[in-house]
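User: I've got a model to go through, and I'd like to take it one question at a time. Let's start with the ground rules.

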Amino acid sequence: MDPQIYQCRAGIDCFGATIEGIVAQIADSGRYSAQTSENAHVVLAEVLNNIFEHSYGGETGGHIQLSLFLEDDGIYIETLDFGLPMPGLAIPSPTLPDPGIRTEDLPEGGFGWYLIHTLAPSPQYLRRGNTNILRFTVK
């Protein structure tokens, strides 16, 4: 099946509409459970937020392209952006803080990659020229 292509500019204002459009297309397909659609929503929000905050350094306007493939065995998504590469050209590991840490001492963020790895196991990252390519599957 040919992918549905979405274009977005990095920034909070466009993410909601882009994510809602993708999740609506997933739901409208009638091929996936409500839980799978919700998992896709969470992963997309985390991925787009990471692109905005880290790849584009919190600067609005950077180009992001998303390709959505609705297949029988899962939802395949590929993102492309032209920001900074991932440190070490690798996806961060899915770590959680030590469970012995007091709640008030927990870091503000840092749980996104754990969610991504949990809901879309085995994400893949490539840096091709000045382009970041992230591929993941939600089942």
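Predicted model: local features only at pLDDT ≥ 70, side-chain atom pairs only at ≥ 80, totals over all residues.

User: Is Phe 15 buried or exposed?

Analyst: The relative accessibility of Phe 15 is 6%. The cut-off for burial is under 20%, so Phe 15 counts as buried.

User: What kind of aromatic pair do Phe 15 and Phe 52 form?

Analyst: Rings of Phe, Tyr and Trp (its six-membered ring) pair if their centres lie within 6.5 Å; planes under 30 degrees apart are stacked, over 60 edge-to-face, and the rest tilted. The structure holds 1 aromatic pair. For Phe 15 and Phe 52 the centres are 6.2 Å apart and the planes make an angle of 85°, which is edge-to-face.

User: How many residues apart in sequence are the parts that this pair ties together?

Analyst: Helices (H or I, at least four residues) and strands (E, at least two) are DSSP runs, numbered from the N terminus. Phe 15 sits in helix H1 (residues 12–29) and Phe 52 in helix H2 (residues 34–55). Phe 52 is buried too, at 12% relative accessibility. The pair therefore links parts whose separation in sequence, in residues, is 37.

User: What covers the buried residues of H2?

Analyst: Those buried residues include Val 43, Leu 44, Val 47, Leu 48 and Ile 51. Contact here means heavy atoms within 4.5 Å. The cover includes H1, strand S2 (63–71), S3, helix H3 (112–119) and strand S5 (131–138).

User: Which residues touch the most other members of the largest nonpolar core?

Analyst: A nonpolar core is a set of buried Ala, Val, Leu, Ile, Met, Phe, Trp, Tyr and Cys residues joined through side-chain atoms within 4.5 Å. The largest one has 33 residues, and the two that touch the most other members are Ile 75 and Phe 136.

User: Which element gives the largest share of this core?

Analyst: Strand S1 (4–9), H1, H2, S2, S3, H3 and S5 each give two or more residues to this core. The largest share is 7 residues, and it comes from H2.

User: Which residues is Thr 36 in contact with, leaving aside its neighbours within four places in sequence?

Analyst: Thr 36 is found in helix H2 and is buried, with a relative accessible area of 10%. Leaving aside neighbours within four places, its contacts are Ile 75, Val 138 and Lys 139.

User: How wide an arc do the buried residues of H3 cover around the axis?

Analyst: The buried residues of H3 are Gly 112, Trp 113, Ile 116 and Leu 119. The arc is that of the directions from the helix axis to the C-beta atoms. These residues lie on the same side of H3, because their arc is only 140°.

User: How far is Trp 113 from Leu 96 in space, C-alpha to C-alpha?

Analyst: Trp 113 is buried at 13% relative accessible area, and residues it touches include Asn 50, Pro 92 and Leu 134. Trp 113 and Leu 96 are 17 residues apart in sequence, and their C-alpha distance is 9.3 Å.

User: Which side chain does the side chain of Glu 78 make a polar contact with?

Analyst: A polar contact is a pair of N or O atoms within 3.5 Å; within protein, one must be able to donate a hydrogen and the other to accept it, and residues adjacent in sequence count only if both atoms are side-chain atoms. Glu 78 lies in strand S3 (residues 74–81) and is buried at 16% relative accessible area. At 2.5 Å, its side-chain partner is Arg 135.

User: What is the phi of Ser 122?

Analyst: Most residues other than glycine have a negative phi. Ser 122 lies in the loop between H3 and strand S4 (124–128) and is exposed, with a relative accessible area of 61%. Although Ser 122 is not a glycine, its phi is positive, at about 65°.

Note on methods
Residues numbered from 1 in each chain as written. Heavy atoms only, no water. Buried < 20%, exposed > 50% of the residue type's maximum accessible area, 1.4 Å probe, protein only.
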